[in-house]
Amino acid sequence: MKTEDRRPKTGNMDTLFDPMTHLAAAAHPMAPQPYTVQNLRRETADTFTLTLAPPSPEDGVLFAPGQFNMLYALGTGEAPISISGDPDRPHLLVHTIRAVGNVTRALCHQKVGGIIGVRGPFGASWPVAAAQGNDILVVAGGLGLAPLRPAIYYLLTRRAAYGSVEIIYGARTPQDLLYRRELERWRGRFDLRVHVTVDSAPPEWKANVGVVTALIPRTRLDPYHTVAFICGPGVMMRFTVRELLNYGLKEEQLFVSLERNMKCGLGMCGHCQLGPVFVCKDGPVFRYDRIKDWMDRREV
Amino acid sequence: MEDLEPLLAAHPFFQGLAPRFIKLIAPCGARVTFNAGQFLCHENEEARLFFVIHHGRVAVEIYRHRGGPVTIQTLSDGDVLGWLGFLNPYHWHLDARAVELTRAVSLDVLCLLEKCEQDHELGYELLKRYAHYLAVQFRVTKLQLLDMYGK
């Protein structure tokens, strides 16, 4: 008897490159648009979420979950920052930024009403539309939750189109968790399982302590019908991939978001080249089987 | 006496263990319940019990004399606690506190060791599981030591 192949159809489930979302960027890809800082919210000691308003309301840019913008702190420089807002509300841009260098520090020191230059959106996105009909596992570590948040918004807005949805999020300590209130709200939903873990915690912490990979066996997903979106530090992603493969997922069911030193955002300058791909243009989201040989290569 | 066999057989630690072995070890066990805040064990206390957790969440803590307790791991349904209890001298190295209502089967370590001495096949089966559990613990501990999310 011939058995039906019940595996998710991942043949076309490559990362999405929707030309519509690139129209604005394509018009003036190298010219930053002046956006106004509408809100600045401190997430952790060194991480802030900026809400930016376009020069006029009709200038809002459509984006797909997982894409990024080049943010320009005037007089200091540009940095690639993932979009962390809701793709169904494109009239405002939301970016979560960790102050680690000159540019990101300058961005985080903005005041409400300040001006930031924005180029984008750039890059490939999480295959949220192509993954419909499957269970979804989102695995985020540290700041990696920021580029995944638009995908979560997208899934929750179209919740009925997916099977089980689970989120695993790891951080260093409870103080380092991003979007804490939102995590709590998501955790209260009946149609979503959220597992939060930290590396160490004070006694009043009620959730998990340990690494994200330890939580994968606790998920209730059908490995045969699951698509996983993974974003976090390289080591975390590597071990998460390994654990998911042990769990029964195939390489083509896994998607990772890579971080590289990006400059132009258009695949022209070569700063973000990783073997045969440019992370800014071909990524940052990649199907794992298409990038694995380069992702784990030590000499590049 | 309460029949613990189905409870033990259903636990991931004993997955695949032949029913005759489950039957052998069940008399070493007792059902235990801990309310939130209750300690399963304290550092330096004699370690005579091996906990097979069925429900709840347990925080494994290290007490720092100036900083108070810090949770370094949590255990929940499907985990075990007390594997170091098999090593002589039998003392707990850490504190373990129930974070929420926790139900477990506590197995008497000396009783287990005695059964293993009597039936080496059982001993081998338990040792395999013990080694696997240790390997997993080492792996996750190494990852945790990396401070992956640090700057």
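View 1. Cys272(A) is buried, with a relative accessible area of 2%, where buried means under 20% relative accessible area, exposed over 50% and partly exposed in between, for a 1.4 Å probe and protein chains only. The model shown here is predicted, so local features need pLDDT of at least 70 and side-chain atom pairs count only at pLDDT 80 or more, while totals for chains, interfaces and linings use all residues. Residues are numbered from 1 along each chain as its sequence is written, chains are lettered from A and ligands numbered from 1 in the order in which they are written, and side-chain values use heavy atoms, with hydrogens and water left out. The cysteine sulfur closest to that of Cys272(A) belongs to Cys280(A) and lies 3.5 Å away, too far for a bond, since a disulfide is taken as a pair of cysteine sulfur atoms within 2.5 Å. In chain B, Cys116(B) is likewise in no disulfide, the nearest cysteine sulfur being that of Cys28(B), 8.6 Å away. Cys116(B) is buried, with a relative accessible area of 16%.

**View 2. The disulfide of Cys28(B) and Cys111(B).** A disulfide is a covalent bond between the sulfur atoms of two cysteines. Over all chains the count comes to one disulfide, and in it the sulfur atoms of Cys28(B) and Cys111(B) are 2.0 Å apart. The torsion about their S-S bond is about -65 degrees, so the disulfide of Cys28(B) and Cys111(B) is left-handed. The pair links distant parts of the chain, 83 residues apart, with Cys28(B) in the loop between α2 (19-25) and β1 (29-34) of chain B and Cys111(B) in helix α3 (residues 109-118) of chain B. Helices (H or I, at least four residues) and strands (E, at least two) are DSSP runs, numbered from the N terminus. Cys28(B) is buried, with a relative accessible area of 6%.

View 3. Strand β2 (residues 39-41) of chain B runs antiparallel to β7(B) and is joined to it by two bridges, two strands being paired if DSSP finds at least two bridges between them. Here Phe39(B) stands opposite Arg97(B). Strand β4 (residues 57-64) of chain B also runs antiparallel to β7(B), through four bridges, and Val60(B) stands opposite Ala96(B).

**View 4. Helix α3 (residues 145-157) of chain A.** At 1.5 Å a residue, taken times one less than the number of residues, the 13 residues of α3(A) should span 18 Å, and the end C-alpha atoms are 18 Å apart, which agrees. The helix α3(A) is mostly covered, with 12 of its 13 residues buried, among them Leu145(A), Arg149(A), Tyr153(A) and Leu156(A).

**View 5. The interface of chain B and chain A.** The contact, defined by heavy atoms within 4.5 Å, takes 23 residues from chain B and 29 residues from chain A. Three salt bridges are found across the interface, each a side-chain nitrogen of Lys or Arg within 4 Å of a carboxyl oxygen of Asp or Glu. One of them joins Asp79(B) to Arg218(A), the closest N and O atoms being 2.5 Å apart.
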